[in-house]
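Open the model in your viewer and keep the selection panel at hand. The stops below follow one another, each with something to select and something to check.

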Amino acid sequence: MSTRFVITGTDTGIGKTVFSAALTHALEAYYWKPVQSGLEEETDSDAVRRLGQISSACILPEAYRLRTPASPHLAARIDGVQIDVETLVPPVVDGPLVIEGAGGLLVPLTERAVFADVFARWQIPVILCARTGLGTINHTLLSLEALRARSIPVFGVAFIGEPQEDTQAIIAELGGVRSLGRLPNLCPLTPPRLQQVFRENFDIDLFRTEPT
């Protein structure tokens with residue numbers, strides 16, 4: 001089976017969609033967002049297609065598209081949709097697959113299930129995206145504990161933001177996790193610049209050779 005990764009984060013809005021776009025482009029992968037909340041603005045699938053310059057054929061349709069921009073459990077309730085977590089099964093594709101969650105690991109999908117519960121069932125290696133700013137040590141170590149409490153395989157941590165070498169080092173040390181690299185904040189954020197910076201800051205071969 002081709003390489004597969006789940007991309008999650010320590011919080012919402014930290015840049016995991018930008019990272020997902022860069023990784024999907026680098027691996028020439030398919031991209032799948034299982035649950036999308038909020039449809040009025042650019043969706044994560046749209047952003048990945050634009051920033052990663054990904055063919056529409058490689059952007060797989062979401063299992064659930066919820067109009068309300070809220071936590072999936074609340075958006076589904078407002079929209080009158082019943083999310084069945086058992087139906088969330090990664091698509092079978094003829095190449096690498098990048099799967100992006102929503103928000104953090106404990107974001108609820110229903111009143112009884114969070115994203116981490118689904119990731120535990122999948123057993124696909126997780127890349128945890130983390131800010132480099134203040135507070136990230138606590139948030140990242142807690143997220144790693146949540147992953148390991150459910151025996152979810154952790155591929156490594158991808159940092160996003162300005163360089164904070166001590167922060168990145170202590171997370172890797174105390175978390176017992178691989179530091180994959182750091183994606184700086186880009187302004188302007190353009191596809192060519194994102195692709196260039198990703199190549200400069202991450203070992204793409206590492207992502208290609210990891211078994212699933």
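**Starting point: helix 2**

Select Asp 46, which lies in helix 2. Helices (H or I, at least four residues) and strands (E, at least two) are DSSP runs here, numbered from the N terminus. Asp 46 counts as partly exposed, at 27% relative accessibility. The classes, from a 1.4 Å probe and protein chains only, are buried for under 20% relative accessible area, exposed for over 50%, and partly exposed in between.

Before moving on, note that this is a predicted model, in which local features need pLDDT of at least 70, side-chain atom pairs count only at pLDDT 80 or more, and totals for chains, interfaces and linings use all residues. Residues are numbered from 1 along each chain as its sequence is written, and side-chain values use heavy atoms, with hydrogens and water left out.

UniProt positions are given in the numbering used here, feature names are shortened, and annotations may be inferred rather than shown by experiment.

Now centre on Thr 17, found in helix 1. Its relative accessible area is 14%, so Thr 17 is buried. Which residues does Thr 17 touch, not counting those up to four places away in sequence? They are Asp 44, Ala 47, Val 48 and Glu 100. Contact means heavy atoms within 4.5 Å.

**Along helix 1**

Select residues 16-27 to show helix 1. Its twelve residues should span 16 Å at 1.5 Å a residue, and the end C-alpha atoms are 16 Å apart, which agrees. The expected span is 1.5 Å times one less than the number of residues.

Leaving aside neighbours within four places in sequence, Val 18 is in contact with Leu 51, Leu 183, Leu 189 and Leu 194. Just after the helix, check the backbone of Glu 28, which takes a positive phi of about 50 degrees.

**The largest pocket**

The largest pocket holds about 670 Å³ of space. On a 1 Å grid over the protein atoms alone, a pocket is an open set of points where a 1.4 Å probe fits, with protein on both sides within 12 Å along at least five of seven lines; lining residues have an atom within 4 Å of a point. Grid points are joined across faces, edges and corners, and the volume is the space filled by probe spheres set on the points.

Of the 37 lining residues, select Thr 12, Gly 13, Lys 16, Ala 102 and Gly 103, which lie nearest the centre of the largest pocket. Helix 1, strand 3 (35-37), helix 2 (44-52), strand 6 (97-104) and helix 5 (136-149) each supply at least two residues of the lining. By type, the lining divides into 13 nonpolar, 15 polar and nine charged residues. Ala, Val, Leu, Ile, Met, Phe, Trp, Tyr, Cys and Pro count as nonpolar, Asp, Glu, Lys and Arg as charged, and the others, Gly among them, as polar.

Go to Ser 37 in strand 3. UniProt lists Ser 37 for "binding site" in an unreviewed entry. Beyond its neighbours within four places in sequence, Ser 37 is in contact with residues including Leu 66, Thr 68, Pro 69 and Ala 75.

Then select Thr 136, placed in helix 5. Thr 136 is buried, with a relative accessible area of 4%. Not counting residues up to four places away in sequence, Thr 136 touches Ala 130, Arg 131, Thr 167 and Ile 171.

Asn 185 sits in the loop between strand 9 (179-183) and helix 7 (191-201). UniProt includes Asn 185 among the residues listed for "binding site" in an unreviewed entry. Asn 185 is exposed, with a relative accessible area of 52%. Leaving aside neighbours within four places in sequence, Asn 185 is in contact with Ile 160, Gly 161 and Glu 162.

End at Ile 78 in helix 3 (residues 72-79). Ile 78 counts as exposed, at 52% relative accessibility. Draw a C-alpha to C-alpha distance to Thr 68: Ile 78 and Thr 68 are ten residues apart in sequence and 7.2 Å apart in space.
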